[in-house]
Amino acid sequence: MTAASPWSGLRAELDEREAAGLTRRRRLVEGVQQPDLMVDGSPMLSFCSNDYLGLASHPDLIAALHLASQQAGVGSGASHLITGHHRLHHELEEALASFVGLPRALMFSTGYMANLGVVTALMGRDDAIFADRLNHASLNDAAVLSRATLHRFPHNDVDALAGLLAASKAKRKLVIVDAVFSMDGDLAPLPQLLEVCERHDAWLMLDDAHGFGVLGSGGRGVLEHFGVSSPRIIYMATLGKAAGVFGAFVAGEPELIEYLLQKSRPYIYTTAMPPALAGALLAALPLIGEHGSQRRQQLQSLITALREGLHLQRWQLDPSSTPIQPLIIGSNDEAVAASEHLRERGVLVPAIRPPTVPQGTARLRISLSAAHRHEDIQHLIEVLHSAEKDLAA
Ligand SMILES: *Cc1c(COP(=O)(O)O)cnc(C)c1O
């Protein structure tokens, strides 16, 4: 008698996904990360990257990474609390805290780990988390792992949040939002959220993955954009998007940061990221900050060109002033067909479907970079117009 494969249950699930057209496939990229991208062996014009300032292949960062790896080697060898905490990590933490204008910062290997690390260290069974419905998946995972009660409020609905906070008897209350929502490109109403958090004595955690480097005249992110500051803010940003490298950090009051250093498991029980990456990030900060305004101006002028140049009949570009431009198509099949139409013409824009976005709002998620040229935007506009016309039939 031959036994069934120990994986036959998984095979059946994979086959079901395939039949429903939901199988996900990775594209093979070669060469450097930039708008002109070699993908699956073909040259494509990409509107998929989070490299908003075009720093991911900047020569200064490549040189800094090279130099730092000569000085510090490749691996960090241990976790931060053993012997993995290199002078380059330490200098970067100090530079990041001062860059965003907060007292102290702590590095994490990724944004996913930073979100897990903050929420699970601070929150437990007797506590409550209040999260925007459109928050990033890592924040929802973090809330579940913390065992705190999770309340999700309608997107950017500050009154609904205030109602939930008023009714809560939890010991500690933590409000969490994406500062820039990753599938919509719109901003959280930070001043109003802060006011509600103050009224109900809640902490406010901001995930600025898409704002750091992009928002504010100095690229310092959402706090600079709104000109707000408060000791109850827990600020998290990632370093693999606009900063062009890898990693993440959390910044805030000294007690908060020291507590995370002592208690955050995704900080403690993992190997420190290679110190040479911290060296590259130290070189990235001036390119984001004092030398970044030209890149941000280029980005803004590309955003304006796209928004003014698109004149579609059925598909709608939702309001967004950030490099994330959501073109709402509606039906899943049409969104996929639109993405495919573009791909056949050498333009890469991902179709985003439920459950990543709400039912009936399947979309093309266009993301722009300062590394795009104006002719790239004109080309995108042309292929989008032809796609809408072709798919109407
Ligand atoms: C990308 C992203 C993360 C995860 O950051 P990584 O460094 O890629 O792990 C967290 N939150 C948001 C909103 C993101 O867009």
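Modeller: What follows begins with the ring pairs, goes on to the strands and a pocket, and ends with some single residues.

The model is predicted. To count ring pairs, a cut-off is needed: two rings pair if their centres lie within 6.5 Å. By this rule there are 4 aromatic pairs. One of them is formed by Phe99 and Phe212, whose ring centres are 5.6 Å apart and whose planes meet at 65°, so the pair is edge-to-face. The step from the angle to the name rests on a second cut-off, since planes over 60 degrees apart count as edge-to-face. Phe99 belongs to helix α4 (residues 87-100), while Phe212 is in the loop between β8 (203-207) and α9 (222-226). Phe99 and Phe212 are both buried.

Phe212 also pairs with Phe249. Here the ring centres are 5.5 Å apart and the planes are at 75°, so this pair is edge-to-face as well. Phe249 is in strand β10 (residues 248-252) and Phe212 in the loop between β8 and α9, so the pair ties together parts that are 37 residues apart in sequence. Both Phe212 and Phe249 are buried. Taken together, ring pairs join Phe99, Phe212, Tyr235 and Phe249 into a cluster. A charge is found there too: the charged end of Arg220 sits over the ring of Phe99, at 4.5 Å from the ring centre.

As background, strands of a sheet pair through backbone hydrogen bonds, either parallel or antiparallel. Strands β7 and β8 run parallel and are joined by 5 bridges. Across this pairing, Ile176 stands opposite Met205 in β8. Between the two strands the chain passes through α8, and this β-α-β crossover is right-handed.

Strand β7 (residues 173-178) is mostly covered, with 6 of its 6 residues buried. Both of its faces are covered: Lys173, Val175 and Val177 are buried on one side, and Leu174, Ile176 and Asp178 are buried on the other. Strand β7 also runs parallel to β5, to which it is joined by 4 bridges. In that pairing, the partner of Ile129 in β7 is Leu174.

Strand β5 (residues 128-132) pairs in turn with strand β6 (residues 149-153), in the parallel sense and over 5 bridges. Ala131 has Arg152 as its bridge partner in β6. The chain goes from β5 through helix α6 (residues 137-146) to β6, and this β-α-β crossover is right-handed.

A further sheet is open and has 4 strands, in the order β11-β12-β15-β14, with antiparallel pairing. Its edge strands are β11 (316-317) and β14, each of which pairs on one side only. Strand β14 runs antiparallel to β15, with 2 bridges joining them. In this pairing, Ala351 stands opposite Leu364 in β15.

Ala351 also has a place in the lining of the largest pocket. This pocket has a volume of about 1,400 Å³ and is lined by 32 residues. Nearest its centre lie Arg24, Arg25, Arg27, Pro350 and Ala351. At least two lining residues come from each of α1 (8-19), β2 (36-39), α14 (332-344) and β14 (351-352). Helix α14 supplies the largest share of the lining, 4 residues.

Some backbone details remain. In general, most residues other than glycine have a negative phi, and most peptide bonds are trans. The bond between Pro354 and Pro355 is cis, with omega about 10°. Pro355 is in the loop between β14 and β15 (362-367). Asp40 is not a glycine, yet its phi is positive, about 50°. This residue lies in the loop between β2 and β3 (42-46) and is partly exposed, at 47% relative accessible area. Asp201 likewise has a positive phi of about 50° without being a glycine. Asp201 is in the loop between α8 (190-199) and β8, and at 57% relative accessibility it counts as exposed.

Conventions:
Residues numbered from 1 in each chain as written. Predicted model: local features only at pLDDT ≥ 70, side-chain atom pairs only at ≥ 80, totals over all residues. Heavy atoms only, no water. Phe/Tyr/Trp six-rings, centres within 6.5 Å; stacked < 30°, edge-to-face > 60°. Buried < 20%, exposed > 50% of the residue type's maximum accessible area, 1.4 Å probe, protein only. Lys NZ or Arg CZ within 6 Å of the ring centre and 35° of its normal. Pairing = 2+ DSSP bridges. Right-handed = clockwise from strand over helix to strand, strands pointing away. 1 Å grid on protein atoms, 1.4 Å probe; cavity = no way out; pocket = protein on both sides within 12 Å on 5 of 7 lines; lining within 4 Å. Points joined across faces, edges and corners; volume = space filled by probe spheres on them.
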